[in-house]
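Welcome, and please take a moment to look over the sequence and the model below. The report then walks through the chain as a whole and a handful of its residues.

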Amino acid sequence: QVQLVESGGGLVQAGGSLRLSCAASGRTFSSNTMGWFRQAPGNEREFVAAISWSGSSTRYADSVKGRFTISRDNAKNTVYLQMSSLKPGDTAVYYCAAAGLMATIMSPDYWGQGTQVTVSS
């Protein structure tokens, strides 16, 4: 069992930066692929980024490549999403997720409760 708690969301102007954190509890954190998803009002939840258990492999949605960076600290049971050059279109609730493998991150086993990110123009 893994519990996920996101933090770091807020209101930022376009062009600004935010760093989201996801603190995980549970003994299996270091063996899980971790990911970030987001859901804007009226839209389906979409994939943003993922990182393998070791941190050696990452994956990004085309819409955030070059602007967002996912990382993890297994000693702290935490995964991060550094977001830069934010756009109003990045406004959404951001969710942390955990899966057993990178191949299954699109169907995570665990979800956090979400944190709101609002980018003003």
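What follows starts with the overall picture and then visits some single residues.

## How to read this model

This is a predicted model, in which local features need pLDDT of at least 70 and side-chain atom pairs count only at pLDDT 80 or more, while totals for chains, interfaces and linings use all residues. Residues are numbered from 1 along each chain as its sequence is written, and side-chain values use heavy atoms, with hydrogens and water left out.

## The chain as a whole

The protein chain has 11 strands and 0 helices; here helices (H or I, at least four residues) and strands (E, at least two) are DSSP runs, numbered from the N terminus. With a radius of gyration of 13 Å, close to the 14 Å that the globule rule gives for 121 residues, the chain is as compact as a globular protein of that length. That radius is taken over C-alpha atoms, and the globule rule is 2.2 Å times the number of residues to the power 0.38. The C-alpha trace spans about 40 × 25 × 25 Å along its principal axes.

Of the 121 residues, 45% are buried. Buried means under 20% relative accessible area, exposed means over 50%, and partly exposed lies in between (1.4 Å probe, protein chains only). Contact means heavy atoms within 4.5 Å. Among contacts between residues at least 6 apart in sequence, 57% join residues at least 24 apart.

## F68 in strand β7

Strand β7 covers residues 68-73 and includes F68. Is F68 buried or exposed? F68 is buried, because its relative accessible area is 3%.

## N77 and T78

N77 is found in the loop between β7 and β8. Its phi is near 50°, a positive value in a residue other than glycine. N77 counts as partly exposed, because its relative accessible area is 23%.

T78 belongs to strand β8, residues 78-83, and is buried at 10% relative accessibility. A polar atom of the T78 side chain lies 2.8 Å from the backbone oxygen of K76. Beyond neighbours within four places in sequence, T78 is in contact with S21, C22, A23, F29, R72 and D73.

The loop between β8 and β9 holds S85. S85 has a phi near 50°, a positive value in a residue other than glycine. At 42% relative accessibility, S85 counts as partly exposed.

T91 is also placed in the loop between β8 and β9 (92-99). Which backbone atom lies 2.9 Å from a polar atom of the side chain of T91? The backbone nitrogen of V119 does, and the backbone oxygen of P88 lies 3.0 Å from a polar atom of the T91 side chain.

Not counting residues up to four places away in sequence, T91 touches A40, Q116, V117, T118 and V119. T91 and Q116 are 25 residues apart along the chain, with their C-alpha atoms separated by 7.8 Å.

Conventions:
A polar contact is a pair of N or O atoms within 3.5 Å; within protein, one must be able to donate a hydrogen and the other to accept it, and residues adjacent in sequence count only if both atoms are side-chain atoms.
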